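This briefing summarises selected features of the structure shown below.

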Amino acid sequence: MQEPQQFKNHLLETRTFSARILVTGALVVALAVLLLARYYSLQVVNYENYATQSDNNRILVQTVSPQRGLIFDSKGKLLADNRPSYILSIVPENAPNIQETLKLLQNLLTISDDDIEDFYTSLKGNRRPYQPVPLSYRLTEEEIARIAVNEYRLAGVEVEARLVRDYPEGYLFAHSVGYVGKINDREWGKFTEEQVKQYQGMHTIGKIGVEKYYEEMLFGKVGYRHVEINARMRVLRTLEQQNPVAGKNLQLHLDSELQKTAFAAMGNRRGAVVAIDVETGGILAIASTPSYDPNLFVTGISYKDYGALRDSPYIPLFDRSIQGRYPPASTIKPMMGLAGLSEQVISQSYKIFDPGYYQLENDERLYRDWKRTGHGIVNVHKAIVQSSDTFFYDLAFRMGIDRIHRFGTNFGLGQYTGVDMPNERRGLWPSREWKRQVRRLPWFPGDTLNVGIGQGDALATPLQLASMVSTIASRGAHFKPQMVKSIDDKAMPPVIINQVEADDRHWDFIFNSMRAVVHAPNGTARRIGKDAPYLMAGKTGTAQVVGIKQNETYDSEALQERHRDHGLFVGFAPYDKPKIAVAVIVENGESGSGSAAPVARKMFDAHLLGRYLSPATPPVVSRDSQPASFVLQQHLSEKLKLAQLGVEPRGR
Amino acid sequence: MIQRQHDFIRRMPEASHDLRRRRSLWQIIHIDPTLFFLLLCLTGFGLFILYSASEGNSGLLRRQMIFFVIAYGAMFAIAQIRLGHFARWSLLLYLGALILLVLVLFWGVGAKGAQRWLSVGGFRFQPSEMMKLAMPIAIAAYLSNKSLPPRLKHIAWSLVFVAVPTVLIIKQPDLGTSILVATSGLIVLFYAGLPWRYIATAFAILLASIWPMWHYVLHDYQRSRVLTLFNPEADKLGAGWNIIQSKTAIGSGGVDGKGWLNGTQSHLDFLPESHTDFIIAVLAEEFGFIGVLCLLLLYVLIIFRGLFIALNAQDGFQRLLAGSITLTFFIYVFVNVGMVSGLLPVVGVPLPLVSLGGTSLVTLMLGFGLLMGISTEPRRITSNR
């Protein structure tokens, strides 16, 4: 088999070769058919799929942001504006070395470590390739110039103009108008499918206040632009466009001058001021102090700033005006008096002797008056003017909790006011049912006494108190408090929740008593009534923060500031034809007459006489400044707990 | 009878005339007209697609035209050389190419982590391209001297000839070219009559070696290419991007395509390498299935013409060489068309005669030049009727 076969067998070779060429030919045909089958499958069978995919590649649906509606005060002053702002962003795919670029940018501009951290967070998030990642907002002209000069070193860096929400009045309306902020994951999670569509490509959403409540109206409707892009996300042309619908403009009842006056009058005290238009229920001013600058939140607040606000003992982020729940204390006495009169539990001339305490039958416990010696013989008028607790213990006892609950509810106590702001709290106006359900305890007569002077379990927000006094001022017309006056020049009509029915002579009587509180020589708020060119009516209140044990006297000097009583005042003016109703709470203000009533007077002066005030220093908490005179050391929530648990009531 | 004589007389001059006329003009200039015509059709069609793929980049196109001129010139030139010379100098040619491949390992230049080029005085070329021709010539010359089918010893030597440059090219690394070079050598063995049982055994070994190859020989990027073939969606923006985009381009072309210059995938840069390896996706997108059909038809016709030339070649060396050149060309086509459509893993094989690039064009046309030479070689035995 080895050597003999050296000779070439040409015939065999040729035959073998020819056979193999034929095999090759067949193979070529077979493989060519295989390739064609593959292309047939891609191009004919699955054509629809790939055609769609190809369109998805090249056609990008961009959302066109609608312009957010503007917010004005009642006099046309702009409270929330959209201002063009230059935003620096980086397209990571175009930046050869992101760290280098960031370092360079930090040398050129002021970019904090927070910004860088934010940047990396967004970079890791859900993102289409070549989509720019924002790094810095609100570039100055100079910064833009510096970037332009260094453009050659900054591949992938883009400067884009975008409308950014701006609050020219700053701290004045931080809680009421609120602010917009970056949409967070929780908000994305809660969106409906339609909302997801609307907010795709949007950056901010209303977070609190009117900005949140009227989000849908302010937002408008996004537009869409179908653009053709290339693989580097460069837009080549617009294929189709659907224009956005701008958000609606809102005009509020708020008067920024009056609001400013509220802050000025509060000075560096913590608390809240609410002023309501008696004739419509429109909110003229609503302030919670201290405040903060809402502009910080618009493009994302830094951790430091946020930490300062969150951890401040003055809890500036807390909206005391609609969320702070305080014992209404003596401010409910006019309402209680009216209740007694119209329920015919007492008459206008009904008198009792006030020895400085009240005692229930078969109960040793003394329900004390704020005045240890008592007020002597008191009728309902004197009880309101001098704020006799004993008289109202007696009245409450006679009336019973059920009637008290029903009457107070008509004034909105314990009810949501329905104000057009989010996160309102409704306070607490106790009833038998409430106590059984929540405390799982029966109602005791002593509970009734405490409620009768606005202490015990009774809690109300400053807005509720303002609404209550406004209802009195309008002789029973209980309006829904409203922030918005008109939407796109379409007026929002006032809404009456209910009408409190009472005899005119009872109204007159209560009006007169409330006027005497301010204008009578023995009224608790007589100091603010002096030399007023108009008549007003009101009622002071002092809400106890710390429980006083039996046989102990209240010594404000000895008490730490945070344990001092809250000062309250509710009132309206002018007396003859009430226009403005005001509720003021000064936390740890010691007495309503000393701390809260003067604030109300300034509000009246401003609204009726045009004597507007401006704060000397903005009552604002920020990273760099914690106002010195806010000496409080403790959180309000704890204080409120104390107030709720404060068993021993006393009112003034 | 008279009639027949008359016939004889009449036929004689004609016959001698015929003998003289056998060397037609095509034969004198050593051009196979059928093959030449088909090549012109293919390269013309290719230029059309390239124009679209390069988005009217005239500089690029002009360069490619110059390459075409050079390539056709090279084809024409090599066709003039007697085939016997190649057989005689085959070993030298092979060794020369081998030395250059070794040089590439040390002084090669290139991009993306691969050293594939030699740069001499500003002129860059790829020695592996040279090997694509040197290899089949060498093995065809070696085997055609032996009695065929080849004996085990000769098969073993042939395999060594194949293995050495293949390994050198893998080292660069250039998997695509190394496969083509190896195949061009192995095809010669196949045509030389390598017994089927050996082929079967080789396939069995190949199958068995897939697992160890996968784990010990392939580079990570090569592994990922294969994995990508089976599941391109796993890494949409990375390894899978090319194949997803090319399939999208092909599929969205439909039956009759989006029209010349209207391909969105290629013109908006979604399709990578659109004027080199993935150019058939541009064709498929713009001319649809009909375009692909025409292109493949042209290729198959060229290959059939090549096989025909191989069948009619005059000696063992020539037909082995012709067969190898033709089948290698088909493998080019199959691998490229298959990989772009996601049938095969992505290896760097251009679409022959259509993709942008000078070196491979010249090599291919040199191969066709050899085919032309084989086709027009004067008959040594003229009375073989």
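What percentage of the 652 residues in chain A is buried? In this predicted model, buried residues account for 54% of chain A. Chain B and chain A together bury about 4,300 Å².

**Chain A**
- Chain A contains 24 helices and 23 strands.
- Of the contacts in chain A with a separation of 6 or more, 75% join residues 24 or more positions apart.

**Nonpolar patch on chain B**
- A nonpolar surface patch is formed by F48(B), Y51(B), W260(B) and L261(B), whose accessible area together is about 350 Å².
- L261(B) is found in the loop between α12 (239-253) and α13 (264-267) of chain B.
- L261(B) counts as partly exposed because its relative accessibility is 33%, between the limits of 20% and 50%.

**Interface between chains B and A**
- Chain B contributes 57 residues to the contact, and chain A contributes 45 residues.
- Carbon and sulfur atoms carry 69% of the area buried between the two chains.
- On the side of chain B, L268(B), F289(B) and R319(B) lose the most area to chain A, together 14% of what that side buries.
- One salt bridge is counted between the chains: R319(B) pairs with E13(A), with the closest N and O atoms 3.8 Å apart.
- There are also 14 residue pairs in polar contact between chain B and chain A.
- Elements giving two or more residues to this side of chain B include α6 (127-144), α8 (175-191) and α15 (316-340).
- The largest share of that side, 13 residues, is supplied by α14(B).

Methods
Residues numbered from 1 in each chain as written. Chains lettered and ligands numbered in written order. Predicted model: local features only at pLDDT ≥ 70, side-chain atom pairs only at ≥ 80, totals over all residues. Heavy atoms only, no water. Helix = DSSP H or I, 4+ residues; strand = E, 2+ residues; numbered from the N terminus. Buried < 20%, exposed > 50% of the residue type's maximum accessible area, 1.4 Å probe, protein only. Contact = heavy atoms within 4.5 Å. Patch = residues over 30% accessible without salt bridge, like charges linked within 9 Å, V, L, I, M, F, W, Y side chains within 5 Å. Areas by Shrake-Rupley, 256 points an atom, 1.4 Å probe, with all protein chains shown as cover. Salt bridge = Lys/Arg side-chain N within 4 Å of Asp/Glu carboxyl O. Buried area = accessible area lost by both parts, 1.4 Å probe. Polar contact = N/O pair within 3.5 Å; in protein donor to acceptor, adjacent residues only side chain to side chain.
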